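Reader: I am new to reading protein structures, and I would like to go through one slowly. Could you take me through it step by step?

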Amino acid sequence: MYNKINPTHTIGPLSAFFLPQVMQIGIGFLSFQQIITKFSEQDGWLATLISGLSTLFVMWIILRLLENERHFGRPDIFSIHRRIFGPWIGNVLTFILMSHVLLFSFAFLRSYIEILQVWIFPQLNSFTFSIIFCCIVWYIVMGGLRTISGVCLLSFIYLIPLFILSIFIVPHAHYENLMPLFDHTPLSIMRSCYETTHDYLGFELILYFYPFISQPEKARKWAFRGVLTTIYIYTTILLLGIIYFSQGEMQNTIWPTITYWKSVRFPLFEHVDIIAIVILLWVLIPNICLCSWILARGIKFTFPAIKMKHSLIGILVVLITITCMVKNGLQVRTINNIYNGFGFIIIYFYLPLLLFCQWIKKKIGRQSA
Amino acid sequence: MKHFMHLIASITVLIILSGCLPTSVIDDVLIIEAEGVDYIGGNKVIGTVTMPNYVQSSNPGSSGAGLPTTASMIRYLSGTTYDGKSLVDRFQENGQRALRAGKLRVMLFNKGLAKHGLRKQIDLRNRDPEAPREMNLAIVDGSCKKLLTAIDYQTQIPIARYIQDMIEQNNKQNYPESTLESFLYAYYGDYMDPFLPVIRKSGDHLETIGLALFKSDKYVMELPSNKVFIFKMLFQKFDQGVYDFEFASQKHIALKNVHTKVSYKVKNGNSTSPDIYAHVSINAQIIQAYPKSINKTMGPKIEKKIEKHMAAQAEKLVHMLQKKQIDPLQLGQHVRSHTRHFDGKSWYDRYPNAHFHCTVDTTIIQTGISD
């Protein structure tokens, strides 16, 4: 049947670790210290921890949704929407969710270009860069999900040195910055949690590629481990940021992580930040690749007549166009705020609601049967 | 054939699209290593930048292979501009080649500018993605321009490296660590004030003569060199300083610090006069003493004397800082970290009234190879 996926296109259970984890580590971790500590200062790490643990719960909801759906057809969000809400409303909902995926890739690409322009190449043309970049994305996505998951694995490996670079913070640490613990109201910590969502978003994309994972029962625990790894990475980076910067300085610094890299000095090269920013391209490639793949797949699911390789070109053209429409840093910030709010609603309100709808549908189905 | 066309197309696209960004080839730029800013009043400054000059170096390799390409490069540029102007931009039109600040080592300000305020200079450096954060800042007693452009130094290495080497080795010993990074930390942070070393040209060499203490960005006072050990002891842990203790008139003992640690405790942080307790423990060795003034049995007696003396010095130092209303020791930060719901707004009014108590615990671990 149409539902069966060719085993040569499936990816191993370990991909459930790498894919969501790599999607979560985005451009956000370069700047999130400033945004989070705005409201909760030295207790910001608590917000990352709480927000991270809540994403574990959301991950559980997602896996529950998908596993329930397995009895009815292919376990992905497209089929869930179509089965529960019917083809029309279902497709509209699918498109709303997919617009968030587009926003995801767009916000990341544009934020990265902004960083390149500010830190290394002020003269960089965002149009030129996005065209070259989209050529790479096109090449990888045409290789299918297996290639994309390979790129995710590489991205995970390439980023390890960047995180290890944080060790150089330790001699400059001011541990008294962390004290006193728990000195902020729950409300201010909750506001920080809301801002953290931006960085944790990305794991929910498992909704789209779950059917491609072979041996899903093994994949489940890897999915949780992936989220736990992200929590660990973010919490450590935030803690290090807090002990390295004074609060006043932090609020003055737009990209605390890169500013920190800038102060690492080796005898032969002064600017570790430039090398690190270029390596960060490897954060971006898997992100945009998977997003484009998801969008192309969504279009194919809704309009089976359109082939993925055609829709992919359309998607990349749209991506390049909207990327070039954004002119300055203020707009980039606005886009990231929209992305954050939208994602917050999806993972904390929409997905639990969907699980509830699925349960209702099951009840109704059973009664009528 | 189709693949071949794809290849051709992608290579063409890459060639057309890439290579359109300006480059900075290291042989084709002037690398600025030091900047000096002298204040001359009316918001005007004299700016000086220096670049490494390889002609001066007597590198034996270079004579055999002819002079390096940078041989004809200019050595420094100087001119007036307004306070806060980027010197790279200011001197671009005088530069033999494009100027770049990516390897800036030191930035010097004269005392006049420090009194006027470093606000604009610091903002400039904090905004610039190019300048490294590990560079050293220093206050010059005298003229930065004279210091940077003098040619009568004993050393042949470029002046920027000379200054940086001197500041850095001092930072490891008696002087507290001061880089752009630590200056920005204290300048932008709440409840603390920055400090910088003061250097001076003395004949054919440079010397570090003290520590300039700031109130926010404005110079307030200078801490003389002999008090810097006490300052550093209260500021951070370190292991290489030397402290000269005059235990009786004309009789000195020099302690070589092997390991110093400081810990703070605070009581009544939100009251009108908070109590700050500093406990310093010093492990030291005696490297120089007045003849017959110390041996193994007399150790504990001398230790007591030193402890008492140092604690008194420390309290005197903090008292002076309180009177000037400056906080380079970051005591406010310690109070904040020990106080729940710290009342930051009234801190500056309460700081001068805070009680500072210092206890010092000295252990002389050895007294040299003779008794």
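**Chain B and its sheet, then chain A**

Author: In this predicted model, buried residues account for 49% of the 371 residues of chain B.

Reader: How many helices and strands does chain B have?
Author: The C-alpha atoms of chain B occupy a box of roughly 85 × 60 × 55 Å along the principal axes. Among its contacts between residues at least 6 apart in sequence, 70% join residues at least 24 apart. The elements of chain B number twelve helices and 14 strands.

Reader: In the open sheet of four strands in chain B, which are the edge strands?
Author: The order of the four strands in this open sheet is β11-β12-β13-β14 of chain B, with mixed pairing. An edge strand pairs on one side only, and in chain B this holds for β11 (242-248) and β14 (355-366).

Reader: What angle does the direction of helix α10 of chain B make with that of β14(B)?
Author: Helix α10 of chain B, which covers residues 299-324, packs on the sheet and touches β11, β12, β13 and β14 of chain B. Its direction and that of β14(B) make an angle of about 150°.

Reader: How many charged residues are in the contact of α3(A) with α7(A)?
Author: The crossing of these two helices, α3(A) and α7(A), is right-handed. Among the residues that meet there are Leu46(A) and Ile50(A) in α3(A), and Ile189(A) and Tyr200(A) in α7(A). The residues of this contact divide into six nonpolar and seven polar, while the number of charged ones is given as no charged.

Reader: Is Thr10(A) buried or exposed?
Author: Thr10(A) lies in the segment before α1 (15-24) of chain A. Leaving aside neighbours within four places in sequence, Thr10(A) is in contact with Ile5(A), Arg146(A), Phe212(A) and Ser214(A). A residue under 20% relative accessible area counts as buried, and because Thr10(A) has a relative accessibility of 15%, it is buried.

Notes
Residues are numbered from 1 along each chain as its sequence is written. Chains are lettered from A and ligands numbered from 1 in the order in which they are written. This is a predicted model: local features need pLDDT of at least 70, side-chain atom pairs count only at pLDDT 80 or more; totals for chains, interfaces and linings use all residues. Side-chain values use heavy atoms; hydrogens and water are left out. Two strands pair if DSSP finds at least two bridges between them. Contact means heavy atoms within 4.5 Å. Axes are lines fitted to C-alpha atoms, for helices over the stretch in contact, and angles run from 0 to 180 degrees between N-to-C directions. A crossing is left-handed if the near helix is turned anticlockwise from the far one by less than a right angle, and right-handed if clockwise. Ala, Val, Leu, Ile, Met, Phe, Trp, Tyr, Cys and Pro count as nonpolar, Asp, Glu, Lys and Arg as charged, and the others, Gly among them, as polar. Buried means under 20% relative accessible area, exposed over 50%, partly exposed in between (1.4 Å probe, protein chains only).
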